[in-house]
Structures are given as structure tokens and as C-alpha cells.
Amino acid sequence: MTPAGEFEIFLMAPPGLEKELCEEARERGFRNPKQILGGVTVTGGWTEVWRANLELRGCGRVLARIGSFRAMHLAQLDKRARKFPWADVLRKDVPVHVEASCTRSRIYHSEAAAQRIGRAIAEEFGSPLDKNAGLVIKARIEDDLCTISIDTSGQSLHKRGHKEAIGKAPMRETLAALFLRRCGFNGAEPVVDPMCGSGTFVIEAAEIAAGLNPGRSRGFAFELLAGFDAGAWENMRSKAKPLVPGHAFFGSDRDAGAIRMAKDNAQRAGVAGLTVFRQQSVSDLQPPDGPPGLVIVNPPYGTRIGDRKPLHALHGALGQTLLGRFGGWRVGLITTEASLAKSTGLPLAPSGAPVLHGGLRVMLYQTGKLP
């Protein structure tokens, strides 16, 4: 795929978890990972773009920054967009959509900027424009410098392609993967989620332990680009050989519908044999046989003041169960309220910076090994 050579690749992170994504990119062998606001930049070519979409569990989107030019006004933007080498990356039979953002620039009207670039692509190169196109060009105009990127992912990468059933307030897979990483999980220990909902944490942990690539079951926007080599891509996708973990991953929930969803999702993800889901209340929770590991839990938060009283009782019951039965285990607890975390009575360390989840600011509280 042309253009040949290397460019900057932007890996989008959930706000507040850039550090964890940077660590993941470094571990996966991406070059020059740098943590910036909203994500991580690495250096590479199209092979690295494919690999980032396929392998990175915590990344929300992969943007290929394919070029830049100065533009002080719309006429200049139009002229330079017409000279941009669109033929290197776009196909005339694939519709595109252009989005623009403007910061500290003389061009300040983002919609007008997007229209000019879109018209330049359509008139000079011939790609049709469609606001519902699967291929999105992003123009970022900052300090009068216009950087052109291609969203190579298409749908957000938290959509792994095998999770159809979700609960009321689902944890995104990308967020779950980075929270697991922040808890020190690398696949070598069992995981228990006593309020598992549709099973996101348990399934994600099982996939990590089995060495399954998160993007193995879905398509990507880069497959619509000029020069895409389907054979080379299929070869990359088929290289990963699943591992067989020495332990299982456990989820429970008092809601029978949630347990059905979790089992179905695990089946589609190919980890049904590594996961155990059962319907039970928190007070009935018992540690599985084998070595201790990580309990990770995302209890309901309650968005109205009136919801809080039963939630404090629920958190108290959770803490009592874990302290009474889970000696040697570590705990990761996600909540919006420090007071709810405190209600558990667990020896929780102060949380790090809050993370955005579904419009709420959530925090991850952790313990060391419980006595």
C-alpha cells in the first residue's frame, strides 16, 4: 500500500488511560511510543497500522497521519487540498467523508474547512462524498497547520465483533483491558468479577490469557484503501496461535439475563471453555479452587441521590465477602464515588486520575493482597 515509508500513527486512548495504552504499545513492539493528551503516537508504515488495529486491546481508533500543509485561509486550504496526493491512499470507487477541527488558526470554521477538502477530493481525484461513508478523512488545523489523517479503524475498536448482547451500562472492552492492565493483570492469574453483567472483564481477561488478538473477528476501514493487500493481511491475522491458560476466569451476577448474555458472548468470542458464569448474589460468592488472583468489579453507581443508600449496603456486603473469603487476592473496584469505595471497608489505596466512562468520571481503587 502506498505511500511507502513511515509516518506518525495516532492511537486513541480513553481519556485518563493514555499511560496504560503507551505501555501496551511499547510491549507490542511499536516504535517511538509517546504519551500525549487523548492517546499515544508511534512511528510506522501501513503494516504497523494494520497491526495496531488487530493487536492493541486498549486503543479506540488508529489514525494514520499521512501528510500536512500550511493553510492561512480557505482559498489556500482548497488549493493545497487539491494538490494533496490522494491517489496514494484513496480509491475512486470508495466513498469518503471528511471531518475537520480548527484550533488557534486563522481558519476557524471547521464545517467550511471540511467542505473545501471534501470538494477538492471529489473534483480533483474523483472519490464520491457520503456522510455515512465507511472511510473517514480527518483534517486537524492547529496553528495554521493542516494535518490530514485517515481513520483506519472504521467502527470504534471496542467493538470486537463477537459481543452482541450487552447490559444496561456496559463497560467498553478497551476500557476493561486498560483497567485490567492498571491492576497488573497479564493473563497469568485467575480473575473473578462478582457483578459481571454481560461478562466484559471476564471475557477480556480470558482473551488476554489465551493470546487472542482483539481485532480477529471484525473488518477495518483500511481494507478500503488503495493498494490494500488482502493476502498479506490474512497472513498477519492468521499468525497468532492461541495459548492454553492453566486456569479459568469467573463471573457471577444475581441477574439471570446477564448470565445468559455473558455465556453467549463468551461462546462467540471463543473463550467459553475458559470461562465460568453463574447466577448468584455477592454474599454467596466463593473463591475458585487454585491460586489467588484478581477480583475486579464495576458495581452500579446510581446517578440520583436516592439511589445511594442501597448502593452503600451493596458495597458493604461486597467488602465483607472479599475480606472474609478472599485472602491473598487483590481487588480492583471501579466507582464514581469515593464514599462508595469507602463503604466496602477494603484497604483501598487512593485512586489515580478519573477516567471518562459513559459520560461519568470513574475511578479505579485497588488493594494489595488481602490478608
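## Strand pairing around β3

Two strands pair if DSSP finds at least two bridges between them. Strand β1 (residues 7-12) passes that test with β3: the two run antiparallel and share six bridges. Phe7 sits opposite Gly44 of β3. This model is predicted.

Strand β2 (residues 31-36) also pairs with β3 in the antiparallel sense, over four bridges. Ile36 has Gly39 in β3 as its bridge partner. The hairpin of β2 and β3 has two residues between the strands, and Gly38 takes a positive phi near 90 degrees there. Strand β3 itself spans residues 39-44; five of its six residues are buried, so the rest of the structure largely encloses it.

## Overall dimensions

The protein has 10 helices and 14 strands. Its C-alpha atoms fill a box of roughly 70 × 45 × 35 Å along the principal axes. What radius of gyration would a compact globule of 371 residues have? The value would be near 21 Å; the protein has 23 Å, which agrees.

Of the 371 residues, 51% count as buried. The exposed surface comes to about 16,600 Å², and carbon and sulfur atoms supply 51% of that area. Take the contacts between residues at least 6 apart in sequence: 77% of them join residues at least 24 apart.

## The seven-stranded sheet

Seven strands form an open sheet with mixed pairing. Their order is β10-β9-β8-β11-β12-β14-β13. Strands β10 (275-279) and β13 (355-357) stand at the edges. Each has a single partner strand, so one side of each lacks a neighbour in the sheet. From one strand to the next, the twist averages 25 degrees.

Leu356 stands opposite Arg361 in β14.

## Helices on the sheet

Helix α6 (residues 200-210) lies across β8, β9 (249-253), β10, β11 (294-297) and β12 (330-335). It runs at about 175 degrees to β9. Helix α9 (residues 308-325) packs on the sheet too, touching β11 and β12. The direction of α9 makes about 170 degrees with that of β12.

## Nonpolar cores

The largest nonpolar core holds 88 residues. Which members touch the most others? They are Leu11, Leu90, Ile117, Ile148 and Phe179. Helix α6 gives this core its largest share, seven residues.

Leu90 shows what such a position looks like in contact terms. Leaving out residues up to four places away in sequence, Leu90 touches Val96, Ile121, Phe125, Ser127, Leu135, Ile137, Leu225 and Ala226. A second, separate core has 21 residues, including Leu285, Trp329, Leu333 and Ala341.

## Glu189

Glu189 is found in the loop between α5 (173-182) and β8 (191-193). Is Glu189 buried or exposed? Buried means under 20% relative accessible area. Glu189 has 13% relative accessibility, so it counts as buried.

Neighbours within four places in sequence aside, Glu189 is in contact with Gly184, His247, Phe249, Pro292, Gly293, Leu294 and Arg330. Phe249 is 60 residues from Glu189 in sequence, yet their C-alpha atoms are 8.8 Å apart in space.

Key. Residues numbered from 1 in each chain as written. Predicted model: local features only at pLDDT ≥ 70, side-chain atom pairs only at ≥ 80, totals over all residues. Heavy atoms only, no water. Buried < 20%, exposed > 50% of the residue type's maximum accessible area, 1.4 Å probe, protein only. Contact = heavy atoms within 4.5 Å. Axes fitted to C-alpha atoms, helices over the stretch in contact; angles between N-to-C directions. Rg over C-alpha atoms; globule rule 2.2 N^0.38 Å. Areas by Shrake-Rupley, 256 points an atom, 1.4 Å probe, with all protein chains shown as cover. Core = buried A, V, L, I, M, F, W, Y, C linked by side-chain atoms within 4.5 Å.
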